[in-house]
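Trainee: I would like to learn how to read this structure. Please take me through it step by step.

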Amino acid sequence: LHYLRACAQRTSLLHPTKMAEQTERAFQKQPTVFLNRKQAPGLSKRKAGRFVRNVGLGFKTPREAEEGTYVDKKCPFTGNVSIRGRILTGVVASMKMKRTIVIRRDYLHYIRKYNRYEKRHRNISAHISPCFRDVQTGDIVVVGQCRPLSKTVRFNVLKVQRSAAGKKSFKKF
């Protein structure tokens with residue numbers, strides 16, 4: 001184990017290019033970026049390229065997506081997912097899953113008999129890219145529809161707006 005750590009430190013000194021964060025069992029890399037490009041002698045070391053895409057529809061690509069080192073194949077900015085269909089907004093209800101959040105959408109349903117409205121809500125599971133770092137429950141997010149990413153996930157987070165921690169919401173610190 002110590003030998004492997006020493007080798008890893010030695011190779012990181014030899015190759016200063018920033019590699020992807022390796023937290024999984026399989027080697028994480030972007031499929032569109034070739035990592036083993038040979039360097040010609042005498043040329044300076046170049047940083048490994050990173051695949052970043054503009055999703056369109058007026059949404060800016062986050063800086064963390066361009067400068068970060070994460071690898072997420074389901075990210076709309078750096079992965080293989082296109083946004084099409086509906087664009088929805090909601091409030092983050094739960095963040096207990098890995099890279100997936102639950103969004104609550106409240107709406108009013110009209111009851112014709114009583115000529116009044118009742119409150120209803122829907123929960124939507126959405127994939128959240130690692131480029132959105134400090135998201136908390138209560139934040140307002142904009143999600144875009146994409147292809148099915150899992151059994152329940154059909155949306156991807158495109159923008160995060162901080163929650164207006166007003167009178168009714170409770171915050172610890």
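Mentor: Start with the strands, which are DSSP runs of E with at least two residues, numbered from the N terminus. Two strands pair if DSSP finds at least two bridges between them. Here strand β1 (residues 87-94) is joined by three bridges to strand β2 (residues 100-111), and the two run antiparallel. Val92 has Ile103 as its bridge partner in β2.

Trainee: How many residues lie between β1 and β2 in the hairpin?

Mentor: Five residues lie between them, and Arg99 in the turn has a positive phi of about 60 degrees. β1 also pairs with strand β4 (residues 140-145), antiparallel and over five bridges. In that pairing Ile87 stands opposite Gly144.

Trainee: What should I know about the model itself?

Mentor: This is a predicted model, in which local features need pLDDT of at least 70, side-chain atom pairs count only at pLDDT 80 or more, and totals for chains, interfaces and linings use all residues. Residues are numbered from 1 along each chain as its sequence is written, and side-chain values use heavy atoms, leaving out hydrogens and water.

Trainee: How do I judge confidence?

Mentor: pLDDT is the predictor's confidence in each residue, from 0 to 100. The protein chain has a mean of 81, but residues 1-17 stay under 50. Where pLDDT is low, the predicted coordinates should not be read in detail.

Conventions: Helix = DSSP H or I, 4+ residues; strand = E, 2+ residues; numbered from the N terminus. Contact = heavy atoms within 4.5 Å.
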